[in-house]
Amino acid sequence: MESRFSTWLYSIVYNAAISRIRKKQPDTRTIEHEDYDPALASGISDQVDALTAEERKHYIKEALNRLHEEDAAILVLFYMDDQSVEEITQVTGLTATNVKTKLHRGRKKLFEQLQHLLKTEVKSLL
């Protein structure tokens, strides 16, 4: 099966980034962990909708930075770089099922991070 050049390039960049990150000292932070509450989703969604495009980029980037590097990379490849699940499997070496699972869990973790960031921001404004 022939792969696109971009898939090959993403694979090299992904592996180099993961290797570099693993060599770095982990940045540990304590984060208040609250159970995921689907009822809060609409409230967080409304807050995100009220933000400007630049503010959205800032909060999404900050939330992605707080995720595990592999989770963040898979979310970026899928949503920002428009890579398919098949292309992500070629880049990461993970199975399609594993990529789908990581996408599902990554979205949930991203939501939790956004929820925490926005709640902190609202508290600082009050």
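**Reading the helices and their contacts**

Mentor: Of the contacts in the chain with a separation of 6 or more, 74% join residues 24 or more positions apart; contact means heavy atoms within 4.5 Å. The model is predicted: local features need pLDDT of at least 70, side-chain atom pairs count only at pLDDT 80 or more, and totals for chains, interfaces and linings use all residues. Residues are numbered from 1 along each chain as its sequence is written, and side-chain values use heavy atoms, with hydrogens and water left out.

Trainee: How many helices and strands does the chain have?

Mentor: Helices (H or I, at least four residues) and strands (E, at least two) are DSSP runs, numbered from the N terminus. Here there are six helices and zero strands, and the order from the N terminus is α-α-α-α-α-α.

Trainee: How is the packing of two helices described?

Mentor: The description uses the angle between the two axes and the distance between them. Axes are lines fitted to C-alpha atoms, for helices over the stretch in contact, and angles run from 0 to 180 degrees between N-to-C directions. In this model, H1 (residues 5–23) and H4 (residues 69–80) pack at about 155 degrees, with axes 11 Å apart. The two helices are therefore roughly antiparallel, a term for angles over 145 degrees.

Trainee: Which residues of H1 and H4 meet?

Mentor: Tyr10, Tyr14, Ile18 and Ile21 of H1 meet Glu69, Glu70, Ala73 and Leu77 of H4. By class, this contact has six nonpolar, no polar and two charged residues. Ala, Val, Leu, Ile, Met, Phe, Trp, Tyr, Cys and Pro count as nonpolar, Asp, Glu, Lys and Arg as charged, and the others, Gly among them, as polar.

Trainee: At what angle do the axes of H4 and H5 cross?

Mentor: They cross at roughly 140 degrees and come within 10 Å. Ile74, Leu77 and Phe78 in H4 meet Val85, Ile88, Val91 and Thr92 in H5. This contact has six nonpolar, one polar and no charged residues.

Trainee: Is H5 mostly covered or mostly uncovered?

Mentor: Buried means under 20% relative accessible area, exposed over 50%, and partly exposed in between (1.4 Å probe, protein chains only). H5 is mostly covered, with six of its eight residues buried: Val85, Glu87, Ile88, Thr89, Val91 and Thr92. Over the chain, buried residues make up 30% of the 126 residues. Just after H5, glycine 93 has a positive phi of about 85 degrees.

Trainee: Is glutamine 83 buried or exposed?

Mentor: Glutamine 83, in the loop between H4 and H5 (85–92), is buried, with a relative accessible area of 4%. Not counting residues up to four places away in sequence, glutamine 83 touches Arg4, Thr7, Tyr10, Leu77, Phe78 and Ile88.

Trainee: How many aromatic pairs are there?

Mentor: Rings of Phe, Tyr and Trp (its six-membered ring) pair if their centres lie within 6.5 Å; planes under 30 degrees apart count as stacked, over 60 as edge-to-face and the rest as tilted. The count by this rule is one aromatic pair. The ring centres of phenylalanine 78 and tyrosine 79 are 4.8 Å apart and their planes are at 85 degrees, so the pair is edge-to-face. Phenylalanine 78 is partly exposed at 26% relative accessibility, and tyrosine 79 is partly exposed at 42%.

Trainee: Where does histidine 116 lie?

Mentor: Histidine 116 lies in H6 (residues 96–125) and counts as buried at 18% relative accessibility. Its C-alpha atom is separated by 9.0 Å from that of alanine 63, 53 residues apart along the chain.

Methods:
Parallel < 35°, antiparallel > 145°, perpendicular 65-115°, else oblique.
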